[in-house]
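Student: I have a new model open. Can you walk me through it?

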Amino acid sequence: MDHFEYHSGLLHAEGVSLVDIAQRFGTPTYVYSAATLTRHYRVFDQALAGSDHDICFAVKANGNIGVLGLLADLGSGFDIVSVGELERVITAGGDPAKVVFSGVGKRRDEIRRALEVGIACFNVESEAELERIDAVAQDMGCSAPVSLRVNPDVDAGTHPYISTGLKENKFGIAIERAEALYARAAEMAGVNPVGVDCHIGSQLTTLSPFRDAVTRILALVDRLAEHGIALEHIDVGGGLGVRYRDENPPSPAEYADAVAELISGRDLKLIFEPGRVLAANAGVLITRVELLKPGAAADDKHFAVVDAAMNDLIRPALYDGWHRIVPVAEQAAASSQKRRWDVVGPICETGDFLGLGRELSLAPDDLLAVRSAGAYGFTMASNYNARPRPAEVIVVDDTVHEVRARESVADLMRGERRLPFS
Ligand SMILES: *Cc1c(COP(=O)(O)O)cnc(C)c1O
């Protein structure tokens, strides 16, 4: 459930019309709904009420300080993949003691900073990284809490670019090798193995890959316990899918129940790293039609050129991501003016589209809302074609808060200069 609905013929975010937001902040603009984010977090949290748990929002899905601050206030922890994300969490008021640090290539300075602020756990993705964390921690005279990110070799059945739990993926440590590495970790003075971690992919729409992964990891936990290595937590990663179009993913409650059931009877804290499921449907990208390029014949291609592009929202170009595109001013279902439009941006790439063949009745200057854009939207935006990134706003009831100003062209050139002799 979300809080983007039509009232008096205009699409609203909570109590505010998207027309008003476009007038005030311009387009393209990312609009997030605080009530939706809150609801998504609480549904997840309440489903886990019977188990010791932390929900660590994956910052890479949406790193806006306003969004992170709202989640921190609800009690969320955070899953980070860089020191930049760590600083965002701290700036937003997040608790470092609820931060887990994932990613295959953590630098020494990133490890040092994470130790300084006292994060909950490093999710270690290789033997070399384990050695590096051990060395940095020893150098600082402390010991780093670590989990090994094991690769359970399950096929998540999702897009190859967002499938991460197969042997052939760069992520994690092969499950057969994990035991030996835990034994090594237990001997190291600078690391303390406290947990085990996995993350098998993103936009998963069935429970079976999660069940398979958790079952394999629990078997590992048991083998480790036999060798005197008692872990305190199991981190099952993120990856629960959302409905973009007609997918039917398990609800967060079904998912949490399934995992909690597998764990039950064990003295293990549960950690989740959801990104998409909390944020995707809590955001839309509003964009304005610049101009229309209808084809000559009815069955030719018709292009609607809008002011948002692949640099603002890359999911369609990168992953074949499908986003619902709806008019901000409601249209009659059977309008005779409708055609199938390719909704494209102004960027010089054929892959620059937000949606293909969308049945809409369009005129220049119309406003459109690209739905489900709250995750992997702004965080993946770039300045390609020297395009400033959009503004971001959060709607709370009847109030709009600008949580990131639109970039200016001057912002794009900051730090650049001509050669001294030219
Ligand atoms: C991307 C990622 C997540 C979040 O994935 P979602 O599909 O957005 O839930 C969680 N953990 C790790 C390690 C990730 O890389």
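Predicted model: local features only at pLDDT ≥ 70, side-chain atom pairs only at ≥ 80, totals over all residues.

Student: OK. How is the protein divided into domains?

Tutor: Domain 1 covers 4-31 + 280-413, and domain 2 covers 103-272. The bounds come from an automatic or database domain assignment. Their centres, taken over C-alpha atoms, are 36 Å apart. Domain 1 gives 9 residues to the contact and domain 2 gives 7. Contact here means heavy atoms within 4.5 Å.

Student: How much area do domain 1 and domain 2 bury between them?

Tutor: About 860 Å², with 55% of it on carbon and sulfur atoms. Buried area is the accessible area (1.4 Å probe) that two parts lose on being put together, summed over both.

Student: And how many salt bridges and polar contacts cross that interface?

Tutor: The rule finds 0 salt bridges there. A salt bridge needs a side-chain nitrogen of Lys or Arg within 4 Å of a carboxyl oxygen of Asp or Glu. Polar contact joins 2 residue pairs, both at pLDDT 80 or more. That term means a pair of N or O atoms within 3.5 Å; within protein, one must be able to donate a hydrogen and the other to accept it, and residues adjacent in sequence count only if both atoms are side-chain atoms.

Student: How many salt bridges does the structure hold?

Tutor: The structure holds 18. One of them joins aspartate 54 and lysine 269, at 3.0 Å from N to O. Aspartate 54 is in strand β5 (residues 53-58) and lysine 269 in strand β13 (residues 269-272), 215 residues apart. Strands (E, at least two residues) and helices (H or I, at least four) are DSSP runs, numbered from the N terminus.

Student: Switching topic. What order do the strands take in the open sheet?

Tutor: The order is β1-β2-β3, with antiparallel pairing. β1 (4-7) and β3 (16-17) are at the edges with a single partner strand each, so one side of each has no neighbour in the sheet. Strands pair if DSSP finds at least two bridges between them. β2 (residues 10-13) and β3 share 2 bridges. Histidine 12 has serine 17 in β3 as its bridge partner.

Student: Which peptide bond is cis?

Tutor: The one from threonine 27 to proline 28, with omega near -10°. Proline 28 sits in the loop between α1 (18-25) and β4 (29-33).

How values were computed
Residues numbered from 1 in each chain as written. Heavy atoms only, no water.
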